[in-house]
Amino acid sequence: MSGAPPKRQDTRKFFENLSGAGKCIAVLTSGGDAQGMNAAVRAVVRMGIYVGAKVYFIHEGYQGMVDGGENIKEATWESVSSMLQVGGTVIGSARCKDFRTHEGRLKAAQNLVQRGITNLCVIGGDGSLTGANLFREEWSGLLEELQTQGLIDNEAVLANSVLHIVGMVGSIDNDFCGTDMTIGTDSALHRIIEVIDAIMTTAQSHQRTFVLEVMGRHCGYLALVSALACGADWVFIPEMPPEDDWEDNMCQKLSENRADKKRLNIIIVAEGAIDSRNKAITPDYIKDLVVRCLGFDTRVTILGHVQRGGTPSAFDRILASRMGVEAVLALLEASATTPACVVSLVGNQAVRLPLMECVLMTQEVQKAMDEKKFEEAVRLRGRSFENNLSTYRLLSYRTPDSELPISSFNVAVLNVGAPAAGMNAAVRAAVRVGITEGHKMFAINDGFEGFYKGQIKEIKWGDVGGWTGQGGSLLGTKRTLPGKYMDKIAEQIKIHNINALLVIGGFEAFESLLKLFEARLHHEEFCIPMCMLPATISNNVPGTDLTIGADTALNAIVETCDRIKQSASGTKRRVFIIETMGGYCGYLATVGGLASGADTVYIYEEPFDIRDLQANVEHLTQKMKTTIQRGLVLRNENSNENYTTDFIYQLYTEEGKGVFDCRKNILGHMQQGGAPSPFDRNFGTKVAAKAVQWISRTLKDSYKGGRVFTNSEDTACLLGMRRRAMVFQPVSQLKDETDFVHRIPKEQWWLKLRPLMKILAKYKTSYDVSDSGQLEHVTRVRPKESKPSENI
């Protein structure tokens, strides 16, 4: 891992000028626990120490702050070692009645002032954050009171006059407005989907109906997204009570599905689900209803606290690490007039939002639900929730053929390149949304190879049932590019009268679409709307921050790194050298390294030489002489043709003699396999639905004189996630952003995470904070809009 990045025109702002010297930061976790809280605690502690501040743990949440004593301890670098992969919160959390009283807050203030703590980082839900804000508002009054009682002197009052507060939302329910994802939500979805996948195999064997209750007393996010991710038959959430005659509608749908040869039914219920009269809908009521009306063998499973447990997912570790570092920066930049803020994620962008604006918005959702203004409640939840709901509605309710619009358009779908988890979810969504829009959908097997050979057949609604949870590519995929076969492909388009094309795949898919676009000059057949969805584990496609499949691969890497590190517990000090996939793109290695707590990560995008290798070995040797027992070094497969994984392994083995021994692992194709993660299922489903809607609009616009014809560049697009929004970008415009030799984009957002990873591994480095969150405001309820760049 080499030192400074290459020089460029410097408009950046670095955090070296933000010193924490003389400041004290305390971190606590409060309320219900959530996986990923430990990653946030670790990031706050290490970033705090890095900038020269003193950092304290407050054990047992607010209770520990009130009780003081041993509950408030100074943290060291080593004290947060090996906690990244642990679920729950290792510093403890408790519901605290004392802090709700004035006397309790007075005691808490005294305990903080004694240690000079004036910066507080609170990780918890809206209740915990509201409590922190009240504490901040009362702070000067509490200090006066303590001085009057003779418990602190005037010097202490002046030295601790302002309390700065930054919040991070840790809640598996994802019920906090202003952020797309809260810490713990993705991990809870992993637990739910693991259970549903397991239940589906037994349900299929016995032709059973399963009713599953998931957490979410006031928020249906977990139920909604898990229903999307497993293709559930029906979902009940507090924000969308069913119509009055829902019992008949649901039973009719279940029996239709059985008639379609579907062997199982899955119904998901949020624990706070209600009907339109505010009466609770319970799993047992649904079970009795199904048994009474349909006679189906029906079982109930209540997931309960399983959803809170287990190790945090890769997404939660990265989210929490990014938020933890951002929280320390927010505290360093805070002035006496800065309001208490929440660090949060919108799209792929870290933002800071005023804490009380978010809390008030969250309370407004509940108020809207109490007043039965459910449409408004859904809007207040935010765009991410809204889009999940509209996608679910699109995919779950099959419109009878007689009621479908008749479009007379034929739309073909194919997979190109290496398989990626989530491709099947995208195909399923594309087929079903296409049918709902009135199109005839065609599936092309084996990519462009199958295309020119004519392996094309119509695909119906029922053909894609149960596809969401399947890994790999059920359509079949090949790396073959269309170049040599343009004439034959054009002929097949003509034979099957294909009016639009949806290509789902990686870098090969991008190159292919570019070739098809350029071939419009010679082949009129390619003058049709064409859209590409980026799907590859390598995340190396231009025009998008994330690709379908990368999250699943990251989880596979992180899970394996956890196991590999654990294999050395109880042995002497050991360093693991691990090789990841990704071609020339270092995304998997870098983000996998951040999520698994790697000491060093070698990638192609950041050149390194023998001096860097030597410095890394020495750095690790010094670390291993402390209480740290295990080291982790990740190397991207193409990071350097001479410094191979073997070379690095032998170098570390030789140089570490007497301090640590080495082992190496090449992860290989396990990174490409497995069931897709909830994120990839959901991401694939939503982008495919959006792409087909774009295809429908573009088909209407380009239908003239009885045929579809378009040769403008904005009708051959890639749909990608750019920072906060989903954007359709002409592939011809992305050409200049691409390094075709190494098959990577010229600019990659995740390179900004590398300094963060180095800081958390105790390296001195430059960290560009010009892109860090500035204080923004929560967007109020807006009228519905249908821009092409809506948030996902």
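Start by selecting serine 82, which sits in the loop between strand 3 and helix 3 (102–115). Helices here are DSSP runs of H or I with at least four residues, strands are runs of E with at least two, and both are numbered from the N terminus. Serine 82 is not a glycine, yet its phi is positive, about 65 degrees. Its relative accessibility of 40% makes serine 82 partly exposed, a label that lies between buried (under 20% relative accessible area) and exposed (over 50%), using a 1.4 Å probe and protein chains only.

Before moving on, a word about the model. It is predicted, so local features need pLDDT of at least 70 and side-chain atom pairs count only at pLDDT 80 or more, while totals for chains, interfaces and linings use all residues. Residues are numbered from 1 along each chain as its sequence is written, and side-chain values use heavy atoms, with hydrogens and water left out.

**Next stop: glutamate 60**

Select the loop between strand 2 (54–58) and helix 2 (61–67), where you will find glutamate 60. Here is another positive phi in a residue other than glycine, near 60 degrees. Glutamate 60 has a relative accessible area of 35% and is partly exposed.

Now show the open sheet of seven strands, whose order is 3-2-1-4-5-10-11 with mixed pairing. Which strands stand at the edges? They are strand 3 (72–74) and strand 11 (349–354); each has a single partner strand, so one side of each is left without a neighbour in the sheet. From one strand to the next, the twist averages 25 degrees.

Within this sheet, pick strand 4 (residues 119–124) and strand 5 (residues 164–169), which run parallel and are joined over six bridges. Two strands count as paired if DSSP finds at least two bridges between them. Click on cysteine 121 and look across to strand 5: its bridge partner there is valine 166.

Is strand 25 (residues 725–730) mostly covered or mostly open? Five of its six residues are buried, so it is mostly covered.

**Helices that pack**

Two packed helices are described by the angle between their axes and the distance between the axes. Axes are lines fitted to C-alpha atoms, for helices over the stretch in contact, and angles run from 0 to 180 degrees between N-to-C directions.

Take helix 1 (residues 37–50) and helix 10 (residues 314–333): their angle is about 35 degrees and their axes are 7 Å apart. Residues meeting here (heavy atoms within 4.5 Å) include Ala43 and Met47 of helix 1 and Gly324 and Val328 of helix 10. The contact holds nine nonpolar, three polar and one charged residue. Nonpolar covers Ala, Val, Leu, Ile, Met, Phe, Trp, Tyr, Cys and Pro; charged covers Asp, Glu, Lys and Arg; the others, Gly among them, are polar.

Finish with helix 20 (residues 610–624) and helix 21 (residues 645–655), at about 45 degrees with axes 10 Å apart. That angle makes helix 20 oblique to helix 21, as angles under 35 degrees are roughly parallel, over 145 roughly antiparallel, 65 to 115 roughly perpendicular and the rest oblique.
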